Amino acid sequence: MAASVQAADDNRPIAVIVPAQAGLAPGIHADELGLIFWRKKLYAEHGQALHPVNLHSEHPLRLKFSQWVLHSTPRSQINYWNGLYFHGVQPPYTVQSEEAMIRYVAETDGAVGYIDACHVDERVKPVLWLSSGKVSADAPTIRCDTN
């Protein structure tokens, strides 16, 4: 039974989230997502600082997000971040769980994160969707039951 639930979870979309509170939410486009998480785009259109946040490096959603958006794995990104460290560029902040991700994003001006689409609640606003390796602004059909 657990294996079938995990298989169902693997096919669920990932929601890219920003704060639900309008003043805190940055405007982002699908083609900017990778740049934001590589820290190559630091500000939104109106000058708002962007604060990307990752799940911990072993989290299944982090692995999927990294492969689909950054086209690499968290482990292969270590040298990249080590090189930027000496130029004063820090990697995205990291949290340990999806609940921690929701709380951080909801409370942080300019935050951009990601969670399982079935875990979106009123504290955050989904702005992009990752499904089958593609980033889209159009919400996919989401089936959240585990039966």
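One disulfide (a pair of cysteine sulfur atoms within 2.5 Å) turns up when the whole structure is searched. Its partners are Cys 118 and Cys 144, with 2.0 Å from S to S. The link of Cys 118 and Cys 144 is left-handed, at -95° about the S-S bond. Cys 118 sits in the loop between β4 (111-116) and β5 (124-131), and Cys 144 in the segment after β6 (134-136), so the bond ties together parts 26 residues apart in sequence. Strands here are DSSP runs of E, at least two residues long, and helices are runs of H or I of at least four, both numbered from the N terminus.

The model is predicted: local features need pLDDT of at least 70, side-chain atom pairs count only at 80 or more, and totals for chains, interfaces and linings use all residues. Residues are numbered from 1 along each chain as its sequence is written, and side-chain values use heavy atoms, with hydrogens and water left out.

The mean pLDDT (the predictor's confidence in each residue, from 0 to 100) of the protein chain is 89, and 92% of its residues reach 70 or more. Confidence is highest in helix α5 (residues 98-107), at a mean of 98, and lowest in helix α1 (residues 2-10), at 42. Over residues 1-8 pLDDT stays under 50, and the model has one contact (heavy atoms within 4.5 Å) beyond four places in sequence for them. Where pLDDT is low, the predicted coordinates should not be read in detail.
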